[in-house]
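Colleague: Could we go through this structure together before I set up my calculations? I would like to begin with the strand pairing.

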Amino acid sequence: MIRAAFLALLLAATGAAAQQKVQSGPGAMLRGLDKVNGQTVDVELKTGETVAVFGLDVALGDCRFPVDNPTGDAFAYLTIWESGKADQLFDGWMIATSPALNALDHARYDVWVIRCITPAAD
């Protein structure tokens with residue numbers, strides 16, 4: 001019952017978001033967290049670029065934001081894997097305002113989207 005209610009809520013939210021006009025930005029601002037020592041790092045990367053965030057490699061496929069509200073919600077397509085390994089830990093869209101909705105599942109590190117890089121932010 002709860003799962004069905006959650007699915008209905010998710011579909012309703014997706015429908016509303018699908019009606020928004022979005023634009024792709026040239027990059028994204030991400031934040032990484034080392035859960036063991038509490039250290040955080042902010043990383044700016046361009047679309048198509050891969051950067052190291054602690055012991056993880058993070059690749060940005062795209063970052064989209066609402067045209068009417070460029071500083072609003074960011075949607076970034078990320079691929080994340082441990083440095084030196086081929087298996088992906090995460091491959092999908094992360095949403096800045098709802099990072100737990102589709103989050104990286106790693107014992108030590110966490111990565112989430114802060115915002116897209118926009119022409120107004122340059």
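Colleague: How do β2 and β8 pair, and over how many bridges?

Modeller: Please bear in mind throughout that this is a predicted model. β2 and β8 run antiparallel to one another, with 8 bridges between them.

Colleague: With which strand does β3 pair, and in what sense?

Modeller: β3, residues 40-46, pairs with β2, residues 27-34, in the antiparallel sense over 7 bridges. Within that pairing, A28 has L45 of β3 as its bridge partner.

Colleague: What lies between the strands of that hairpin?

Modeller: There are 5 residues between β2 and β3, and G38 of this hairpin adopts a positive phi near 80°.

Colleague: In what order do the strands of this open sheet run?

Modeller: The order is β3-β2-β8, an open sheet of 3 strands with antiparallel pairing. β3 and β8 are the edge strands; each has a single partner, so one side of each has no neighbour in the sheet. From one strand to the next, the twist averages 25°.

Colleague: Let me step back to the whole chain. How many helices and strands are there?

Modeller: The protein chain contains 1 helix and 8 strands. Read from the N terminus, the order is α-β-β-β-β-β-β-β-β.

Colleague: What share of the residues is buried?

Modeller: Of the 122 residues in the protein chain, 34% are buried. The accessible surface amounts to about 7400 Å², and carbon and sulfur atoms account for 55% of that area.

Colleague: And what part of the contacts comes from residues 24 or more positions apart?

Modeller: Among contacts with a separation of 6 or more, 44% are between residues 24 or more positions apart.

Colleague: Take L30, then. With which residues is L30 in contact?

Modeller: Setting aside neighbours within four places in sequence, the contacts of L30 include V41, V43, L45, V58 and L78. V111, W112, V113 and I114 are also among the contacts of L30, as is D42.

Colleague: Are C63 and C116 buried or exposed?

Modeller: C63 is buried, because its relative accessibility is 0%. C116 is likewise buried, with a relative accessible area of 4%.

Colleague: What about T118? Where is T118 placed?

Modeller: T118 sits in the segment after β8, which spans 109-117. T118 counts as buried because its relative accessibility is 5%. Beyond residues up to four places away in sequence, T118 touches F65 and P70.

Colleague: A last topic, the loops. What is the phi of F54?

Modeller: F54 has a positive phi of about 55°, although F54 is not a glycine. F54 is located in the loop between β4 and β5. Its relative accessibility is 27%, so F54 counts as partly exposed.

Colleague: And G48: which loop holds G48?

Modeller: G48 is in the loop between β3 and β4. G48 counts as exposed because its relative accessibility is 66%. The C-alpha atoms of G48 and G61 are 5.5 Å apart in space, while these two glycines are 13 residues apart in sequence.

Methods
Residues numbered from 1 in each chain as written. Predicted model: local features only at pLDDT ≥ 70, side-chain atom pairs only at ≥ 80, totals over all residues. Heavy atoms only, no water. Helix = DSSP H or I, 4+ residues; strand = E, 2+ residues; numbered from the N terminus. Buried < 20%, exposed > 50% of the residue type's maximum accessible area, 1.4 Å probe, protein only. Contact = heavy atoms within 4.5 Å. Pairing = 2+ DSSP bridges. Axes fitted to C-alpha atoms, helices over the stretch in contact; angles between N-to-C directions. Areas by Shrake-Rupley, 256 points an atom, 1.4 Å probe, with all protein chains shown as cover.
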